[in-house]
Every structure is written in C-alpha cells, then in structure tokens.
Amino acid sequence: MSATVSFKVASAHGEQHVTLAYTRRGSGDPLLLLHGIGHHRQVWDPVIPALAAERDVIAVDLPGCGESPALPNGMAHDLPTMNTVLVALCEALEIERPHVAGNSLGGLLALDLARAQLVRSVTALSPAGFWNEAERRYAFAVLMTMRQIAQRMPLPVVERLARPALGRTLLTSTIYARPGRRAPEAVVAETLALARAQGFSETLRSGRTVRFGDDIVGTPVTVAWGSKDRLLVPRQGVRAKGVIPGARLVRLPGCGHVPMNDDPALVARVVLDGSR
C-alpha cells in the first residue's frame, strides 16, 4: 500500500505540519526502511517481498526526497530534525519502537535513533558518519557531481541511456556494483528523484561536521558493508565496529554502496537476521 501521512512536529517556530510518502506491506514486527540522500523509497523494492513475508514493512520517502515534500520553512534538514520527524511518523502510524534498516544517510539516521533508545534493532547498510575528512570530501564531491549530472540531463536522454546495460552502468555504477541488474525504469525513476530532491543541498551541507562517535548499548546493531562500495569505502565498516564494539559487522561480497539490488537475497537475510 502506497500512501501519505501528515502530522505535527514541534519546532523552534512552533508546531509545523509535515507530510511523508510511504509504502507499507506485510505483517509481523514493524520494520522501518530508510534510504540514502537524494534517493527514494523504491530503492528497497528488490528486498521488500522477502522482508514483508516476516515483517510489517514501512518504506518511507525522507523529507524532500521522492514523493515527500521538503520540510516547512524553519525546520532544518539535519540529523536531529530528521529523527524528530521519524519519531513523529511512527507515532502517526501507531508504530511502537520499530526495527529500522537504513542505507547510507538512512543508516546514520537509524543508528542515531538507536543511540536514543527509540528502536528495537538497527541494520545499517554502508551508513554515513564513519568517514575521515578526506573520505567525506570525496563522497560529497561524488554526490554533488551525480546530482548536477542528473539535473542537467534531459529526460529523453536518461530514458535512452537506461535501456542498455552499458547505459545503466554509466548512470549508476557509483552506487551499484551490478548496475546491469537494475531495471531501466528504476534507473530513470531514481535519476529523476536525485535531480528533484528538494532537501538534497541542505542535507549535504548539514553533514559536513557529522561523525558518529558514540557506542550503542542495549539495542542490537548490525553494520553491513558492500565489498565494492565505491562511495563510502569498506574500511569505514571496520571503523564503525570500533565505535560500536557490540555491533555485528557483516561483509556483503560483490555489493556496492546501495546493495539491495546487487544481492537482494543476501541483504534481505541480513536485515531479517538483524531484526530478530
């Protein structure tokens, strides 16, 4: 089921109305899925059937991404605000302490929710926030370049490029290790999502000083990293394990930064195992 939900969120300027788009499928314990910067909830589509067989799966478009409008004026697209919004979303959907799986920015958001003891478990796939300064600068430069290309490329060109596997490789090899497996229509949709993401620039700016440096105690944490992640390199997973010693660190062989399409069966199993 695809839907939108509107709810009130407290801010420095008083209560603000926020609207988020989401998809909900399955039954069982609630599992919230969070995508990365400039992406949209459909990036989880390859793994949702397997997850929904055992979980009540809620895949959400983060504020300013996909079909979710940007946050109202006066609300920043930063880590504290995003997670305040996600807590309010769970209240609006009557979800109490969900399991959370997140990729990239979504992984960082999930870990921050766990740090505040607001979730049952976390599975973070190549989460942001474990970079050194050089790695952060590199990742941000790549993301800004991807965004500029997506914004400047006419839709007919994107559609033409997405048809052959080589074109899909040119468009998405930064985030997928096996871009030829991504459906042409999915590549077109996520290119448009990146070009149109209203919260992209402000979210990226707010991340310049972000480092995740706190241990998480009392909440099961799984950190999984693609062995072919070209955006946030795999050694950052070792760093994450050092910050969160109790975390389960999982290698995803042959997977890139966004592993859900590279190996759906493996990623679904990692998420399900992490949300027991």
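**View A. Gln117 is partly exposed, with a relative accessible area of 38%.** Partly exposed here lies between buried (under 20% relative accessible area) and exposed (over 50%), using a 1.4 Å probe and protein chains only. This is a predicted model, in which local features need pLDDT of at least 70 and side-chain atom pairs count only at pLDDT 80 or more, while totals for chains, interfaces and linings use all residues. Residues are numbered from 1 along each chain as its sequence is written, and side-chain values use heavy atoms, with hydrogens and water left out. Look at the backbone of Gln117, where phi is positive, near 60°, in a residue other than glycine. Most residues other than glycine have a negative phi. Gln117 sits in the loop between helix H3 (105–115) and strand S6 (121–125); helices (H or I, at least four residues) and strands (E, at least two) are DSSP runs, numbered from the N terminus.

**View B. Glu94 also has a positive phi, about 60°, although it is not a glycine.** You will find Glu94 in the loop between helix H2 (79–92) and strand S5 (99–103). Its relative accessible area is 76%, so Glu94 is exposed.

**View C. Phe130 and Phe212 form one of the two aromatic pairs in the structure.** Rings of Phe, Tyr and Trp (its six-membered ring) pair if their centres lie within 6.5 Å; planes under 30 degrees apart count as stacked, over 60 as edge-to-face and the rest as tilted. In this pair the ring centres are 5.6 Å apart and the planes meet at 50°, so the arrangement is tilted. Phe130 comes from the loop between strand S6 (121–125) and helix H4 (133–152), and Phe212 from the loop between helix H8 (200–206) and strand S7 (221–226), so the pair ties together parts that are 82 residues apart in sequence. Phe130 is buried, at 3% relative accessible area, and Phe212 is buried at 3% too.

**View D. Trp131 and Phe140 make an edge-to-face pair.** Their ring centres are 5.5 Å apart, and their planes lie at 90°. Trp131 is buried, with a relative accessible area of 8%; Phe140 is also buried, at 8%.

**View E. Leu89 belongs to the residues with the most contacts inside the largest nonpolar core.** A nonpolar core is a set of buried Ala, Val, Leu, Ile, Met, Phe, Trp, Tyr and Cys residues joined through side-chain atoms within 4.5 Å. This one has 84 residues, and Phe7, Leu33, Trp44, Leu51 and Leu111 are also among those with the most contacts. Leaving aside residues up to four places away in sequence, Leu89 touches Val5, Phe7, Leu20, Leu32 and Val60; contact means heavy atoms within 4.5 Å. A second, separate core has six residues, including Val158, Leu171, Val187 and Val188. In soluble globular proteins, nonpolar side chains tend to be buried together.

View F. Buried residues make up 56% of the 276 residues. Among contacts between residues at least 6 apart in sequence, 71% join residues at least 24 apart. The C-alpha trace spans about 45 × 40 × 40 Å along its principal axes.
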